[in-house]
Amino acid sequence: MKQILLITDGCSNVGVSPVIAAAQAQTEGVIVNVIGVIDHGELGVLGSEEIREIAAAGGGMSRIVNSEQLSQTVQMMTRKTVNATIQHAVGKELQSILGISHIEELPPEKRAEVVQVIDNMSENTSLRVALLIDASASMKPKLAAVREAIHDLLLSLRARSGVSELAVFHFPSTKSRDQELEMDHGWTNQLANIDKMFYKINMKGTTPTGPALLQTLQFVTEKPFSIKTTEEGMLSDYVV
């Protein structure tokens with residue numbers, strides 16, 4: 001099971017629309033979940049709208065939180081989306097086998113058995129999470145909360161019975177002005193010390209959320225592709 005977990009304050013301002021990028025991820029079978037850490041005022045309103053639109057296009061969930069809520073939200077989002085994805089798959093199987101579309105249509109005793117199966121699968125299925133962090137200048141005051149959230153996410157993943165792998169990216173790149181995305185760590189299930197890398201991130205620059213999502217998707221799917229856009233920033237071509 002693959003998902004991209006984006007932590008941002010919204011208001012992307014460079015490159016292709018992140019909503020279009022998230023829709024492409026869903027087409028590729030990768031869920032995009034978004035946690036928004038927003039400010040008050042007009043920018044906060046605009047950021048919230050974009051965050052909800054990205055998650056909707058990516059088939060995932062969105063949550064708008066303040067810095068104090070971020071840590072517990074990261075864990076909750078990961079577990080809830082895994083459970084929702086498995087429940088959807090089980091629902092499709094029930095439809096094909098029994099002709100029912102919802103678990104609630106089962107008799108109580110059968111319903112309890114199916115719910116138990118879903119819980120077990122959620123805990124034991126293999127999971128890959130690509131964590132994508134907005135490291136633009138506007139996120140700098142929230143860096144401490146992001147570090148704490150990542151630490152708690154790692155603890156949550158390590159507590160699962162199934163294999164959990166994490167890859168970590170941030171944008172924009174702090175090494176080159178010509179790169180939207182920087183990979184901090186490739187896929188690993190050795191999660192004990194991975195959060196220490198976040199003390200090195202220098203938050204600055206613009207917010208190329210869409211291009212960063214597309215490059216993360218390329219890594220997750222292991223499919224090289226090129227993207228062409230129209231003048232309006234819409235995808236006009238997607239070549240595998």
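Q: What makes up the secondary structure of the protein, and in which pattern do the elements follow one another?
A: The protein has six helices and eight strands, and when these are read along the sequence they give the pattern β-α-β-α-β-α-α-β-α-β-β-α-β-β.

Q: Why is Leu 5 called buried?
A: A residue counts as buried when its relative accessible area is under 20%, and the value for Leu 5 is 0%, so Leu 5 is buried. Leu 5 belongs to strand β1, which covers residues 2-8.

Q: Why are Gln 26 and Met 76 called partly exposed?
A: The class lies between the 20% limit for buried residues and the 50% limit for exposed ones. Gln 26 has a relative accessible area of 44% and is therefore partly exposed, and Met 76, with 28%, is therefore partly exposed as well. Gln 26 lies in helix α1, while Met 76 has its place in helix α3.

Q: What does Gln 26 touch, leaving aside its neighbours within four places in sequence?
A: Gln 26 is in contact with Ala 57, Gly 58 and Gly 59. Its C-alpha atom is 9.8 Å from that of Ala 56, a residue 30 places apart from Gln 26 in sequence.

Q: Why does Glu 123 count as partly exposed rather than buried?
A: The limit for a buried residue is under 20%, and Glu 123 has a relative accessible area of 22%, so Glu 123 is partly exposed. Glu 123 is found in helix α4, and beyond its neighbours within four places in sequence it is in contact with Arg 79, Ala 159, Arg 160, Ser 161 and Gly 162.

Q: What makes a group of residues a nonpolar core, and which residues touch the most other members of the largest one?
A: The members must be buried residues of nonpolar kinds, joined through side-chain atoms within 4.5 Å. The largest such core has 32 residues, and Ile 7, Leu 70, Val 74, Leu 131 and Leu 166 touch the most other members. At least two residues of this core come from each of β1, β2, β3, α3, α4, β4, α5 and β5. Apart from this core lies another, of 26 residues, among them Leu 132, Phe 171, Ala 212 and Val 220. In soluble globular proteins, nonpolar side chains tend to be buried together.

Q: Which residues lie nearest the centre of the largest pocket?
A: Of the 14 residues that line the largest pocket, Ile 31, Gly 58, Gly 59, Gly 60 and Thr 85 lie nearest its centre. The volume of this pocket is about 220 Å³, and β2, β3 and α3 each supply at least two residues of its lining.

Q: How do you know where the prediction is least confident among the elements of the protein?
A: Strand β8 has the lowest mean pLDDT, 41, whereas helix α1 has the highest, 94. Over residues 228-240 the pLDDT stays under 50, while the protein as a whole averages 78. Where pLDDT is low, the predicted coordinates should not be read in detail.

Technical notes
Residues numbered from 1 in each chain as written. Predicted model: local features only at pLDDT ≥ 70, side-chain atom pairs only at ≥ 80, totals over all residues. Heavy atoms only, no water. Helix = DSSP H or I, 4+ residues; strand = E, 2+ residues; numbered from the N terminus. Buried < 20%, exposed > 50% of the residue type's maximum accessible area, 1.4 Å probe, protein only. pLDDT = per-residue confidence, 0-100. Contact = heavy atoms within 4.5 Å. 1 Å grid on protein atoms, 1.4 Å probe; cavity = no way out; pocket = protein on both sides within 12 Å on 5 of 7 lines; lining within 4 Å. Points joined across faces, edges and corners; volume = space filled by probe spheres on them.
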